[in-house]
Amino acid sequence: MESKDISKPVLIGQSGILNGQCWTLEGTILIGRDPECNVVISDRQVSRFHARVTISQDEVVLEDLGSKNGTSLNGAMINEPVFLEDGDMFQVAMIQQFVFLSSDSTLPMDQRGSFSTLKKGKLRLDPRSRRVWVGEAELIPPLSVPQFNLLNLLYNQSGEVVSRQDLIMTVWGEEEALSVSDQAMDALIRRLRYRIIEKDPKHAYIITIRGHGVRLDNPQE
C-alpha cells in the first residue's frame, strides 16, 4: 500500500502516529485498529474497523463505520458517506489526520517526507496538503482552515502588504465578509502569529502595517 502510483489518488498521514506516510488508493481502503485493515492505527481510541474509503470510477467516498469516536471531514463530524475532493482533510477519532489528494503527480517528496516543490525561506508551506514548517519543525497540530487560508495568502505575496479586506474575503468569503469585525480579524492574526513564533521566537514573521494591512516577512534559512 505504501508504494505510490502517480496516476492514482493518495492519502497522506498528517498529525498523528502515521505522520508523513503515504498510501496509493485502489478499490476499498479500510482504516482502523485491526491488523487486517489497509491502514492500521494502533490506538485504543480508534475502532477495529473505523472508516472506509471507496474508489469507484471518478468518485472517492469516505464513510464512518459506526466507530465509537467518530470521523470528521474538514472539521465536521460525518454521519453518512461523503465524497472526497482534492485537498480535503479528514480525522479519525481525533488521533490521526489524513489529507486526500486526487493525484500525487505534482507532489514529489524527499526522503524525509517533505515536499521538494516548496518555496525557499525559513517558513514553508504546501497548499495541497496544508502542511506548514518553520525551519525543520512542522506545525503540529496543523493550522485551522481559517489560519491556513490566511497564511497561504500572505505566503503567496510574501513581502507585500495585503489589505485587511483581501484577508477577510479570502478567509471568510464574500457572503460573510461584511459581518466580520476587526476584533475577529485581529484574533485570527494573533493566533496564527503565536503558532509560528512558537517554533521560532526570534522572528516576527507576520507584520501588521497599521492603516494598510499585513505582510509576511519570511527570512532565508
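Mentor: Before we start, helices here are DSSP runs of H or I with at least four residues, strands are E runs of at least two, and both are numbered from the N terminus. We're looking at a predicted model, where local features need pLDDT of at least 70, side-chain atom pairs count only at pLDDT 80 or more, and totals for chains, interfaces and linings use all residues. Residues are numbered from 1 along each chain as its sequence is written, and side-chain values use heavy atoms, with hydrogens and water left out.

Trainee: Okay, how many helices and strands does the chain have?

Mentor: The chain is 221 residues long, and 45% of them count as buried; buried means under 20% relative accessible area, exposed over 50%, and partly exposed in between (1.4 Å probe, protein chains only). As for elements, the chain has four helices and 16 strands.

Trainee: Let's take a loop. Is Ser67 buried or exposed?

Mentor: Ser67 sits in the loop between β6 (59-64) and β7 (71-73). Leaving out residues up to four places away in sequence, Ser67 touches Ser47 and His50, where contact means heavy atoms within 4.5 Å. With a relative accessible area of 13%, Ser67 is buried.

Trainee: Which side chain does the side chain of Ser67 make a polar contact with?

Mentor: A polar contact is a pair of N or O atoms within 3.5 Å; within protein, one must be able to donate a hydrogen and the other to accept it, and residues adjacent in sequence count only if both atoms are side-chain atoms. For Ser67, a 2.6 Å pair meets that, and the partner side chain belongs to Asp64.

Trainee: And Pro35, another loop residue: buried or exposed?

Mentor: Pro35 is in the loop between β3 (28-32) and β4 (39-40). Its C-alpha is 8.4 Å from that of Arg48, 13 residues away along the chain. The relative accessible area of Pro35 is 69%, so Pro35 is exposed.

Trainee: Now the sheet with β3 and β4 in it. Which strands stand at the edges?

Mentor: Two strands pair if DSSP finds at least two bridges between them. Five strands make this open sheet, in the order β4-β3-β5-β6-β9, with mixed pairing. One side of each edge strand is left without a neighbour in the sheet, because each has a single partner strand; those strands are β4 and β9 (82-83).

Trainee: What is the bridge partner of Ser56 in β6?

Mentor: Strand β5 (residues 51-56) pairs with β6 in the antiparallel sense over six bridges. The two form a hairpin with two residues between them, and Gln57 in the turn has a positive phi of about 55°. Across in β6, the partner of Ser56 is Glu59.

Trainee: Which residue in β9 stands opposite Val61?

Mentor: β6 and β9 are antiparallel too, joined over two bridges. Opposite Val61 stands Phe83.

Trainee: There's also a sheet with β12, β13 and β14. Which residue in β13 stands opposite Arg124?

Mentor: That open sheet runs β12-β13-β14 with antiparallel pairing, and its edge strands are β12 (123-126) and β14 (137-138). Four bridges join β12 to strand β13 (residues 131-134). The residue facing Arg124 is Trp133.

Trainee: At what angle to β12 does helix α1 (residues 145-156) run?

Mentor: Axes are lines fitted to C-alpha atoms, for helices over the stretch in contact, and angles run from 0 to 180 degrees between N-to-C directions. Helix α1 lies across β12 and β13, and its angle to β12 is about 115°.

Trainee: How are α1 and α4 arranged relative to each other?

Mentor: Their axes come within 10 Å and cross at roughly 80°. Angles under 35 degrees count as roughly parallel, over 145 as roughly antiparallel, 65 to 115 as roughly perpendicular and the rest as oblique. α1 and α4 are therefore roughly perpendicular.

Trainee: How do the residues of the contact of α1 with α4 divide?

Mentor: Ala, Val, Leu, Ile, Met, Phe, Trp, Tyr, Cys and Pro count as nonpolar, Asp, Glu, Lys and Arg as charged, and the others, Gly among them, as polar. On the α1 side are Pro146, Gln147, Leu150 and Leu151, and residues on the α4 side include Met185, Leu188 and Ile189. The tally is eight nonpolar, one polar and two charged.

Trainee: Last one: how close do the axes of α2 (residues 164-172) and α4 (residues 182-197) come?

Mentor: Arg164, Leu167, Ile168, Val171 and Trp172 in α2 meet α4 residues including Met185, Leu188 and Ile189. The axes cross at roughly 80° and come within 11 Å.
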